[in-house]
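This report describes the packing of helices in a predicted model. The sequence and structure are shown first.

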Amino acid sequence: MLDTVVPLGFLGLFACFLVFWGVMVVRTLRQRRVLKYTDAVRATELTGRVRQLKVRGYEEQAVRLVQEELAMPPKVARSWVKSI
C-alpha cells in the first residue's frame, strides 16, 4: 500500500508544480507585452484594473484605458486586453 502511495504523491506534487509553473509563464508573457510601454509596478496595477473592467463587462473601456495609459496602438491594446 505504501509502495503505491509515495510515488503517486510525488507524481501529484510534480503535476502541481508543472501547472503552477505554466500559469506563471503565461502571466509573465502577458505582462511582458505591457513592459515594453511601462515599468513593472505600473504594469501589474494596470493589469488588475483591466481584469476588473473585463469582469464587469466593460471590455471597450479597458481597451481605451490601455490606449490612454500606455499610448499603445489600438490593435495591440485590443489584443492584449483580450488575452487577459
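## Helix 3

The buried residues in helix 3 are Ala62, Val63, Leu65, Val66 and Leu70. Around the axis they cover an arc of only 160 degrees, so they are on the same side of helix 3. Just after this helix, alanine 71 takes a positive phi of about 55 degrees.

## Helix 2

Ala43, Leu46, Thr47, Val50 and Leu53 are buried in helix 2. Viewed down the helix axis, the buried residues of helix 2 fall within an arc of 125 degrees and therefore line one face. This arrangement may be read against the geometry of the α-helix in general: with 3.6 residues a turn, residues three or four places apart point the same way. The face of helix 2 turned away from the buried side carries the exposed residues Val41 and Val55. Helix 2 is followed by glycine 57, which has a positive phi, near 90 degrees.

## Contact between helix 2 and helix 4

How do helix 2 and helix 4 lie to each other: roughly parallel or roughly perpendicular? Their axes come within 10 Å and cross at roughly 75 degrees. Angles of 65 to 115 degrees count as roughly perpendicular, and helix 2 and helix 4 are therefore roughly perpendicular to each other. Helix 2 contributes Thr47, Val50 and Lys54 to the contact, and helix 4 contributes Trp80, Val81 and Lys82.

## The nonpolar core

The largest nonpolar core has 15 residues. Those with the most contacts inside this core are Val34, Val50, Val66, Leu70, Met72, Trp80 and Val81. Two or more residues come from each of helix 2 (40–55), helix 3 (59–70) and helix 4 (74–83). Helix 3 gives the most to this core, with 5 residues. In soluble globular proteins, nonpolar side chains tend to be buried together.

Which residues does leucine 70 touch, leaving aside those up to four places away in sequence? Leucine 70 touches Val34, Tyr37, Thr38, Arg42 and Leu46. Leu70 is buried in helix 3, and Leu46 is buried in helix 2.

How values were computed:
Residues are numbered from 1 along each chain as its sequence is written. This is a predicted model: local features need pLDDT of at least 70, side-chain atom pairs count only at pLDDT 80 or more; totals for chains, interfaces and linings use all residues. Side-chain values use heavy atoms; hydrogens and water are left out. A nonpolar core is a set of buried Ala, Val, Leu, Ile, Met, Phe, Trp, Tyr and Cys residues joined through side-chain atoms within 4.5 Å. Buried means under 20% relative accessible area, exposed over 50%, partly exposed in between (1.4 Å probe, protein chains only). Helices (H or I, at least four residues) and strands (E, at least two) are DSSP runs, numbered from the N terminus. Contact means heavy atoms within 4.5 Å. The arc is that of the directions from the helix axis to the C-beta atoms. Axes are lines fitted to C-alpha atoms, for helices over the stretch in contact, and angles run from 0 to 180 degrees between N-to-C directions. Angles under 35 degrees count as roughly parallel, over 145 as roughly antiparallel, 65 to 115 as roughly perpendicular and the rest as oblique.
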